[in-house]
Amino acid sequence: MKQLLIIISMFFAGMAAAQTKYESAMTRGLEQFKAAKTAEEMTTVSSFFERIGDAEKDKWLPYYYAAQANYMTAWMNPKADKDKVAEKSNDLISKAEALEANNSELFCLRQMTATLQMIVDPMSRWQSYGTQASNAIENAIKADPKNPRCYYLKGQSLMNTPEAFGGGKAVAKKLFEKAVELYKDFQPASPLHPNWGKAESEKLLAACQ
């Protein structure tokens, strides 16, 4: 009996150590994400998270951040091939979705990558990628109506959409107001879960006044 208890204790100790190693790596990656100032540095961050995801096998968050960091490179490098960046991010999102289906945060990323591809040529891509982006954000809201990032991203999209097509500041303002209100009570599931968009929502709400 004593030997069995020792084995069980060693098993749980091993699990705790593995979890600590994962959390330590993720925390380091998030610090690097926050500190990244160039597209090259952000690409390094993306690769770092992707390696964590490949090693852990059952964690969706590393792939989420790998996709998000990769997406950011398109904005940090004006010469970036936005289609290529979006395709890479979508591959990473698919890996995350295989581990975590119907996730609001992943739908938000889908909206972001579709929007990225749409702006390459808005006139010709509005119906295809614009529809993908719209569907993704509606799915994000359905998956978690209390996720403030859904309303921030939807408001951001509509703010840049002509009033003739249902957009404009007046429409976007209501969404930013909802996002800001939700952020007051929003608590991420853990220190490693997504927790961004509050300052951006407040800034865009002020721009709509």
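## Pockets and the model

A pocket here is an open set of grid points with protein on both sides within 12 Å along at least five of seven lines, and its lining residues have an atom within 4 Å of a point. The structure described below is a predicted model.

## Two domains

The domain assignment of the chain gives two parts, domain 1 (21-125) and domain 2 (146-209). Their centres, taken over C-alpha atoms, are separated by 20 Å. Across the boundary, ten residues of domain 2 are in contact with 15 residues of domain 1.

## The second largest pocket

The second largest pocket has 16 lining residues, and Glu105, Asp144, Asn147, Phe186 and His193 are the ones nearest its centre. Its volume is about 210 Å³.

By class, this lining holds five nonpolar, six polar and five charged residues. Domain 1 (21-125) and domain 2 (146-209) each supply at least three residues to the lining of the second largest pocket.

## The largest pocket

The volume of the largest pocket is about 1400 Å³. Helix H1 (2-35), helix H3 (61-76), helix H5 (104-118), helix H6 (122-143) and H7 are the elements that each give two or more residues to its lining. Of these, H6 gives the most, with ten residues.

In total, 40 residues line the largest pocket, and those nearest its centre are Tyr71, Gln111, Thr115, Leu153 and Gln156. The lining of the largest pocket divides into 23 nonpolar, 13 polar and four charged residues. At least three of its residues come from each of domain 1 (21-125) and domain 2 (146-209).

## Arg149

Arg149 is part of helix H7, which covers residues 148-159. This arginine counts as buried because its relative accessibility is 0%, and the cut-off for buried is under 20%.

A polar atom of the Arg149 side chain lies 2.8 Å from the backbone oxygen of Trp196. Trp196 is also among the contacts of Arg149 when neighbours within four places in sequence are left aside; the others are Glu105, Cys108, Tyr183, Phe186, Pro194 and Asn195. Two of these partners, Glu105 and Phe186, are also among the residues nearest the centre of the second largest pocket.

Notes. Residues numbered from 1 in each chain as written. Predicted model: local features only at pLDDT ≥ 70, side-chain atom pairs only at ≥ 80, totals over all residues. Heavy atoms only, no water. Helix = DSSP H or I, 4+ residues; strand = E, 2+ residues; numbered from the N terminus. Buried < 20%, exposed > 50% of the residue type's maximum accessible area, 1.4 Å probe, protein only. Polar contact = N/O pair within 3.5 Å; in protein donor to acceptor, adjacent residues only side chain to side chain. Contact = heavy atoms within 4.5 Å. 1 Å grid on protein atoms, 1.4 Å probe; cavity = no way out; pocket = protein on both sides within 12 Å on 5 of 7 lines; lining within 4 Å. Points joined across faces, edges and corners; volume = space filled by probe spheres on them. Nonpolar A, V, L, I, M, F, W, Y, C, P; charged D, E, K, R; others polar. Domains from an automatic or database assignment.
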